[in-house]
Amino acid sequence: MQRRSGRSDGVRKVASGHSGVGVSQVPVAEGKSVQQTVELLARRLEALGADKQGTFGVDCETYHTAAALGTQGQTGKLMYVMHNSEYPLSCFALFENGPCLVADANFDTLMVKLKGFFQNAKANKIESRGTRYQYCDFLVKLGTVTMGPSARGISVEVEYCPCVIANDCWNLLMEFMQSFMGSHAPGIPSVFSTKHDSAYSPGDTMVQYMELFNKIRKQQQVPVAGIR
């Protein structure tokens, strides 16, 4: 494959079409901190020949149904409002077990006006920030997941840029992820199973981040086998 430069790190597009993407969590290496494990993975990527292509950020705020709605006999639901630096003009709203709404950045202002219906659970804000790497036709985003001041985990997003049909590129994504993640490369994301032959979208990436963030929120402090 011919190596190519990454996309411009300036203002990027509104959410529309997208390439196939896998988002996964990597456990902390045995005897190391979150930051040390991120540095280990970065060294592996750079050893493959990956080049740094700026930074990225994905954040998620949780909203829950206001108490006023509960008095009307409606079941409380959670909604996640998310942002992705790849799409600075877009905002994503995801409902529990529901659709993903893609709106413009003014959606945040709308949520303030809807505070009588949805209340922001501020203590649950979670985000992943880190470095973008380009290797041939792959874009890798290696991030540290934080809640408040605490690092809670590590996220890895891998995009195969030329392909828009998710299932057509999963085996290639898996092979590449194994080259620097080893046995911790993930299984096929659940969102892929619903895509079949349809085009992948940015909302599918945000669903994967939402699932990863919720998994990290719920994780108990139990010993896990780290990467080596």
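Predicted model: local features only at pLDDT ≥ 70, side-chain atom pairs only at ≥ 80, totals over all residues.
Phe 92 stands opposite Val 102 in β5. Strand β4 covers residues 90-95, and five of its six residues are buried, so the rest of the structure largely encloses it.

Strand β5 (residues 100-104) pairs with β4 in the antiparallel sense over five bridges. The two form a hairpin with four residues between them. Asn 97 sits in that turn and has a positive phi of about 50 degrees.

Strand β3 (residues 78-84) also pairs with β4 in the antiparallel sense, over four bridges. A hairpin of five residues joins β3 to β4. Here Met 82 stands opposite Phe 92.

## Aromatic pairs

The whole structure holds six aromatic pairs. One of them joins Tyr 87 and Phe 92: the ring centres lie 6.4 Å apart and the planes meet at 75 degrees, so the pair is edge-to-face. Tyr 87 and Phe 92 are both buried.

Phe 138 and Tyr 160 make another pair. Their ring centres are 5.2 Å apart and their planes stand at 45 degrees, so this pair is tilted. It links distant parts of the chain, 22 residues apart: Phe 138 belongs to strand β8 (residues 138-147) and Tyr 160 to strand β9 (residues 150-160). Phe 138 and Tyr 160 are buried. Both also belong to a cluster linked by ring pairs, together with Tyr 135, Phe 176 and Phe 180.

## Nonpolar cores

Nonpolar side chains tend to be buried together in soluble globular proteins. In this model, the largest nonpolar core has 50 residues. Met 82, Leu 142, Val 158, Phe 180 and Phe 213 have the most contacts inside it. Helix α4 (residues 166-181) gives this core its largest share, nine residues.

What does Leu 142 touch, leaving aside residues up to four places away in sequence? Its partners include Val 38, Leu 41, Ala 42, Leu 45 and Phe 56. Among the others are Arg 129, Tyr 133, Ile 154 and Val 156.

A second, separate core has eight residues. Val 81, Ala 93, Phe 107 and Met 111 are among them.

## The protein as a whole

The protein has six helices and nine strands. Of its 228 residues, 49% are buried. Among contacts with a separation of 6 or more, 65% are between residues 24 or more positions apart. The accessible surface comes to about 11400 Å², and carbon and sulfur atoms account for 53% of it.

Conventions: Residues numbered from 1 in each chain as written. Heavy atoms only, no water. Buried < 20%, exposed > 50% of the residue type's maximum accessible area, 1.4 Å probe, protein only. Contact = heavy atoms within 4.5 Å. Areas by Shrake-Rupley, 256 points an atom, 1.4 Å probe, with all protein chains shown as cover. Phe/Tyr/Trp six-rings, centres within 6.5 Å; stacked < 30°, edge-to-face > 60°. Core = buried A, V, L, I, M, F, W, Y, C linked by side-chain atoms within 4.5 Å. Pairing = 2+ DSSP bridges.
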